[in-house]
Amino acid sequence: MKDGGGTRPATTVVQGGRRPEWTGAAVNTPVWRASTILYPDTAALKEGLKTNADGDWFYGRRGTPTQWSFAEALTALDPGAVGTMLYPSGAAAVAGALLSVLHPGDHLLMVDSAYDPTRRLCDAYLAQRGITTTYYDPLIGGGIDALVRPETRAIFMESPGSLTFEVQDVPAIVAVAKARGLTTLIDNTWATPLYLSVMEMGVDLSIVACTKYIVGHSDVMLGSVTSGAATWDALRLTAQVLGQCVSPDDAYLAARGLRTLAVRMAKHCDSGLTVAHWLQDQPQVARVLHPAVNDCPGHDLFVRDFEGSAGLFGFELADGSPEAAAKFVDALHHFGIGYSWGGYESLALPVEPSRCRSAVDWGGGTIIRLHIGLEDPRDLIADLSQALSQL
Ligand SMILES: Cc1ncc(COP(=O)(O)O)c(C=O)c1O
């Protein structure tokens, strides 16, 4: 399944999945639109039904070279992975991964800083099917062992956490999971496999909302789950029986985004840090929550484990009221106001993390979440400066 093995990540994003039998003479694997796949005769039809691997024509829901090529490129980016399933959104990928692991009666350990719709999946859907969830402190590390019950089946991580950016001790949690025979899952959307090699750390299932940095242009919804050997068959079966598939047009655009991921991430990383460090020095700013900045809980783990940082982070104003945050965001000119992130453009959003916490008080008020895009950071800083001066 893997392609480009042995190369460095920036090379793999360029080369992965570009098999000549899929690209033809072109550089990119074209958009193959298909529902019906035609067989030359009934003997070939029978033969086709015998396989369940990407790369064998069967029926549109099982994909075409456009989806296979993109999935193979993602697998190649996560050394240790055996395959990748694609989903119509990041949220569908989270659900697909969890449903492939959990059965009625199971118990799940879910990080308290998880993306809110992931929490909703646990509370509003899994709970009704007899799967219980305990939320744990993102900074728990190896202490998670104390929360494991006889019926615990899996540990879900997201590092850094949504909205509050705590960095988790992934190796310590994986060590506990391995000792206890548990499956580990991580939402690796922020770092992408370029900046955090979760499969090499022993995580079983790596979820990426490709909607963000992989697509990179704010125009496609898509998710992926990349799997190690132990969880692959169940992941694939679950996606197939739930009818999960993505359009070839979306897979094409995502693959096109992937080819420039390394250069875009480097720029998001640099500009994000420039802006974060500038914010640290502003009197109107109480603290900056950026994993690469030492105020951020788990910063030492970030330094130990990550290859770089994304352009998404938060900060708190000295006046931590929702009104001040709204006034500040409304005064910005270069930042769009909207959900999502990971595109080429900068975004700003006031958020209230306490609304999606239950295990630990995260210890803050309104956060302003910034996504630093590919604009010149000097323009972004000038804009942030004029908005701060209006407070
Ligand atoms: C960390 C994280 N995971 C998953 C998702 C879900 O992705 P999608 O919007 O593609 O469903 C998001 C979306 O914002 C996210 O921020």
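How close do the axes of α5 and α9 come, and at what angle do they cross? They come within 8 Å and cross at roughly 120 degrees. The model is predicted: local features need pLDDT of at least 70, side-chain atom pairs count only at pLDDT 80 or more, and totals for chains, interfaces and linings use all residues. Residues are numbered from 1 along each chain as its sequence is written, and side-chain values use heavy atoms, with hydrogens and water left out.

View 1. Helices (H or I, at least four residues) and strands (E, at least two) are DSSP runs numbered from the N terminus. Axes are lines fitted to C-alpha atoms, for helices over the stretch in contact, and angles run from 0 to 180 degrees between N-to-C directions. Gly-96, Ala-97, Leu-99 and Ser-100 of α5 meet Ala-234, Leu-235 and Thr-238 of α9, contact meaning heavy atoms within 4.5 Å. This contact of α5 with α9 has four nonpolar, three polar and no charged residues (Ala, Val, Leu, Ile, Met, Phe, Trp, Tyr, Cys and Pro count as nonpolar, Asp, Glu, Lys and Arg as charged, and the others, Gly among them, as polar).

**View 2. Helix α5 meets helix α6.** The axes of α5 (residues 90-101) and α6 (residues 116-126) come within 10 Å, crossing at roughly 50 degrees. The crossing of α5 and α6 is right-handed. Val-94, Ala-95, Leu-98 and Leu-99 of α5 make the contact with Thr-118, Leu-121, Tyr-125 and Leu-126 of α6. Seven of the residues in the contact of α5 with α6 are nonpolar, one is polar and none is charged.

**View 3. Seven strands form an open, mixed sheet.** The strand order is β1-β7-β6-β5-β4-β2-β3, two strands being paired if DSSP finds at least two bridges between them. Strands β1 (83-87) and β3 (132-136) are the edges, each pairing on one side only. Neighbouring strands of this sheet are turned by 20 degrees against each other on average, direction ignored.

**View 4. Helix α4 lies across β1 and β7.** Helix α4 (residues 65-77) runs at about 125 degrees to β1. Helix α9 (residues 229-241) packs on the sheet and touches β1, β5, β6 and β7.

How values were computed:
A crossing is left-handed if the near helix is turned anticlockwise from the far one by less than a right angle, and right-handed if clockwise.
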